[in-house]
Amino acid sequence: MNHLRSTKSHSHSMDFLFSIALFFVFAATALVVLLLSANVYEQIIHRSTTTFEQTTALAYLTEKIHQNDHDSTRSIELTQLDGCEALAISQSYNDTLYTTYIYEFEGQLKELFIRQGVASTAHAGTTILKLHHLDMKAIDDNLFKFTCYSEDGTSDSIIIGLCSKSSTP
């Protein structure tokens, strides 16, 4: 009878140790999965933020061009503002010429609305959003290429054509 109690007690000890070992294996697996998913989540957030900055900047430029490309009385061109590449949109309000400059300065997309002939600096613009780098190129008189670069080197580009300057047969 004593032998039976000893075997039963030993069996309960093994069951208990097996349960504890199984719990620790489960806890360790859960911890590894949690750490891996946190890393994946961090990468997704970084990629999402980068994509947001790039696509929002390109969408903003596209919309500004499309808003002002309805007739040939408005001028849309690339120029320099205080040493920065800038998209310049010129228009007349109450017989006074004004220019809207959109440019990247010190890691920010900026916009400056100013009367023509008035001197200004790139610091004076209103910040639209954070942007690592923006490259602007005129492909020809009717086409512009804009490329946004992120801190990690990825880029996104868009080519925009002007309708008001295009020749129709």
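**Notes on the sheet and the cores**

1. In this predicted model, strand β3, covering residues 96-105, and strand β4, covering residues 108-115, pair with each other in the antiparallel sense, and eight bridges connect them. Within this pairing, Ile102 is the residue that stands opposite Glu111 of β4.

2. The β3 and β4 strands belong to an open sheet of five strands, whose order is β1-β2-β3-β4-β5 and whose pairing is antiparallel. Its edges are formed by β1 (75-81) and β5 (126-130), each of which pairs on one side only. On average, and with direction ignored, neighbouring strands of this sheet are turned by 25° against each other.

3. Turning to the side chains, the largest nonpolar core has 18 residues, of which Ile65, Ile76, Leu87, Leu109, Leu131, Leu134 and Phe146 touch the most other members. At least two residues of this core come from each of α1 (2-67), β2 (84-93), β6 (133-138) and β7 (143-149), and the largest share, four residues, is supplied by α1.

4. Which residues are in contact with Leu87, once its neighbours within four places in sequence are left aside? They are Leu61, Ile65, Ile76, Glu77, Leu78, Thr100, Tyr101, Ile102, Met136 and Phe146, so that list includes Ile102, the residue opposite Glu111.

How values were computed: Residues numbered from 1 in each chain as written. Predicted model: local features only at pLDDT ≥ 70, side-chain atom pairs only at ≥ 80, totals over all residues. Heavy atoms only, no water. Core = buried A, V, L, I, M, F, W, Y, C linked by side-chain atoms within 4.5 Å. Buried < 20%, exposed > 50% of the residue type's maximum accessible area, 1.4 Å probe, protein only. Contact = heavy atoms within 4.5 Å. Pairing = 2+ DSSP bridges. Axes fitted to C-alpha atoms, helices over the stretch in contact; angles between N-to-C directions.
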